[in-house]
Amino acid sequence: MDYSNSLIVYIRLFIDEISAMNNVKNKGETMKIFNLMMGAILAVGSSSISAAPISELGSPEGELNIVAWAGYIERGETVAAFDWVTSYEKSTGCNVKVKTAGTSDEMVALMNQGGFDIVTASGDASLRMIAGKTVQEINTDLIPSWNTIDKRLQDAVWHTVDGKHYGTPYMWGSNVLMYNTDAFGGEVPDSWNVVFEEQTLADGKSNKDRVQAFDGPIHIADAAMYLMYHNPALGIKDPYELTEDQYQASLNLLRQQRELVGRYWHDAFMQMDDFTNEGFVASGSWPFQVNLLKPNVPIASTIPKEGATGWADTTMVHAEAKNLNCAYLWMEHQLSSNLQSDLGAWFGAVPVVPSKCVGSDLLGPEGCKINGIDNFDKIYFWKTPVASCKTQESCVPYYRWVTDYIAVLGGR
Amino acid sequence: MNNLLDSFSNFSYRNKNFIFLSFLILPLLWLGIVYLGSLLIFLGHSFFHLDGFTGQIVYEFSFKTLIELFSSPANIDILIRTVALAACVTIGSAIIGFPIAYYMAKFTSPKVKIFLFIAIMLPLWSSYLVRVYSWKLILAKEGIINWFFEKLNLEWLLDTILSTPVIGGPSLSISYIGMFLVFTYIWLPFMILPIQASLERVPNSLINASHDLGANKRQTFYKIILPLALPGIIAGSIFTFSLTLGDYIIPYIIGTSKFFIGQAVYTHQGTAGNIPLAAAFSLVPIVVMVVYIYIAKRMGAFNAL
């Protein structure tokens, strides 16, 4: 849609240009024809969106095309024990094809291109796709296990609009404060201040150059969350919805953090390397890194008193999905099979079906607890900051977060 | 029907250019529309701007984005940082690359030369990412360089180097020194090969003549060899300079997380949807390179390619 719009503008400019050059008198006529043509093209493009979800399932089509985060759809090829695709293919006859995406923007772009049936969308992408009519409303009656989903997620705002469901919750998780137990002398840090304020740690050395922070602009929300707790006078109600003043206060906190952070992290494996070889001792992180580092490095994680930011992903169905029946069968499979517990163990995430927390060898009896199921209320789920926001009069939109965070990283 | 074909073949026989063009039209269209067209459309975006309130692109001709680019100190920092590092890497590669190229061109047997060629090309056959990641390990605080300095009881020397303001940092891999080392390593082959090619073309008779006429080695080098090899150095520097200007992977892996032009473009167009600013950023390396190549052309750099 974005592209076709800019294309239209270009062609318009082009026509303007040509008309001016040739001194054409009937420019109005040309524009009229052009507008008619573009209108027709756009109408063809948008007419195929259906309104109501289907009411009953037919026979499976034999194929399912998924856009997913890396590591989300495993068929035992990475590690043999982690396989939640083979059983689905066997029982439904739908062959699964996966296209992995690295960012939410990539996911939205792939879905806009079309040719896919479902996507595992994060909170920032899901609403964009609903607004763009790329995904369709689903009929929850066709998913028998729908009611086993965590009640707190069934009507979550990132997939439910005006009471209509546009997807099935897939997995959620929280960012955690990862720390080196040696450096903290066996104590559990109870506040994010260890990454925001300069201080001497239990091992007698300063935390300067030994802490990290995420290098994505969304880290501004972590600073806002910290201020929400420590500086109530600012009146922050939602770390993703910041007025100019609240936003500037968060940036100032991040500038102070820049003095402490030698290098920011943006790749999970690079952060693991930094904690192993570069002497870093504390950082906001994912349970994924913590679980992988634990065997080799004295590492633990916690969710401090201020809370934490997190992510919640949803399986959504493309508006023009060719394999609709397979898609519905997958949404049932994702809730009822070993997927929830095993993916939770694989990714350091929390199943959306709480009953899947027990009885899984891969996840272990404490798995859900370790990955943060009890912290749901302390977690501020990731969403895209927009100018028109609910909790404030007007908010600083995401593109400014990007520009300003780059400046903060550059020491400005 | 036959008539038509006859006249067509007559026509194409008489108009040689027609046949020529009809073969060339596809690649030309490809280059013109797919490559140049999309590039120009992208760059053209730098004359649009983002609406501050809605975050949508406003399709009106204006210089707002370009003014934004050059008025924000953070952006200026990014530009200066990138160009300065690219210049340092280019000079560093030339200083390291020239002796190697000189040795290859003038002092080796053909067999050793082939061996050296392969040795220089070999790193290019392995993945760029693998090489950068292994450099991260080499430069790490607990990496091999630190270990080496410790064994020699020279930690104080490394610490002194790292405590230099601006280019220093907490460890080699978290400093500009580290970035310089990695960039120089990665782009060095692109510097050595053109210099080697240009040195091959310096006739030995000229060097002998210079000696015969009483010039000492230093005079011969500065008056004969270096001027004749200069086009090769400039051709190599175009590679190292432009490759460093556009790279966005090394700054993500090595260094202090301060942004470079490539990263700024990537982030602005990828995650922020601020295509005008991304386009404005990508204009800068193009302008810098055009100026640089123009000067290089005046110095005859392209005769050596």
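**Close-up views of a predicted model**

**View 1. Contact between the two domains of chain A.** Nine residues of domain 1 of chain A are in contact with ten residues of domain 2 of chain A (contact: C-beta atoms, placed from the backbone, within 7 Å). On the domain 1 side, three of these residues are nonpolar, five polar and one charged (nonpolar: Ala, Val, Leu, Ile, Met, Phe, Trp, Tyr, Cys and Pro; charged: Asp, Glu, Lys and Arg; polar: the others, Gly among them). Domain 1 of chain A spans 63–173 + 312–375, and domain 2 spans 174–310 + 384–409; the bounds come from an automatic or database domain assignment. Their C-alpha centres lie 28 Å apart.

This is a predicted model, in which local features need pLDDT of at least 70 and side-chain atom pairs count only at pLDDT 80 or more, while totals for chains, interfaces and linings use all residues. Residues are numbered from 1 along each chain as its sequence is written, and chains are lettered from A and ligands numbered from 1 in the order in which they are written.

**View 2. Contact of chain A with chain B.** Chain A places 27 residues in contact with 35 residues of chain B. On the chain A side, α1 (2–22), α10 (268–277) and α15 (398–409) each supply at least two residues (helices: DSSP runs of H or I, at least four residues, numbered from the N terminus). The largest share, six residues, comes from α15(A). By class, this side of chain A has twelve nonpolar, eight polar and seven charged residues.
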